[in-house]
Amino acid sequence: MTTRIEEIDGKLVATLIGELDTAAAQETEQALKPLLDSKGKDIVIDCTELEYIASSGLRLLLGILKQAQEVGSRVVLKNVNDVVKDVLDLTGFVSIFEFE
């Protein structure tokens with residue numbers, strides 16, 4: 001699992017590459033910590049290259065969403081493939097997140 005964060009047009013963009021499974025969740029959580037200090041900037045999580053997400057990855061995304069909302073930031077999931085979208089749909093996360 002590879003994670004990249006950059007600021008683009010005033011938004012924090014996190015790119016997730018690979019499989020966000022239980023084994024990768026802890027390392028990914030550490031890599032995404034800068035998002036928790038968004039200071040009101042919107043957050044885009046680019047899932048173009050995210051191949052799979054496990055429940056530990058869902059927990060991680062939910063934590064980012066909750067902390068972002070506390071400081072007035074939006075979280076948008078971008079370019080979610082069908083496999084990941086099915087997991088989000090089955091768990092009810094499609095009603096919690098915004099999508100592009």
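How many aromatic pairs does a search of the whole structure find? I recorded 1 aromatic pair (ring centres of Phe, Tyr or Trp, its six-membered ring, within 6.5 Å).

**Basis.** I note that this is a predicted model, in which local features need pLDDT of at least 70, side-chain atom pairs count only at pLDDT 80 or more, and totals for chains, interfaces and linings use all residues. Residues are numbered from 1 along each chain as its sequence is written, and side-chain values use heavy atoms, with hydrogens and water left out.

**Rings.** The pair consists of Phe93 and Phe97, at 6.0 Å centre to centre with 20° between the planes. I then looked up accessibility: Phe93 is buried at a relative accessible area of 11%, and Phe97 is buried at 5% (buried means under 20%, exposed over 50%, partly exposed in between, with a 1.4 Å probe and protein chains only). At another ring, Lys85 lies over the face of Phe99, 4.1 Å from the ring centre (NZ of Lys or CZ of Arg within 6 Å of the centre and within 35 degrees of the ring normal).

**Arg74.** I found Arg74 partly exposed, with a relative accessible area of 36%. Leaving aside residues up to four places away in sequence, Arg74 touches Asp42, Ile43 and Glu98 (heavy atoms within 4.5 Å). The C-alpha atoms of Arg74 and Phe97 are separated by 9.1 Å, although the two residues are 23 residues apart along the chain.

Note on methods: Phe/Tyr/Trp six-rings, centres within 6.5 Å; stacked < 30°, edge-to-face > 60°.
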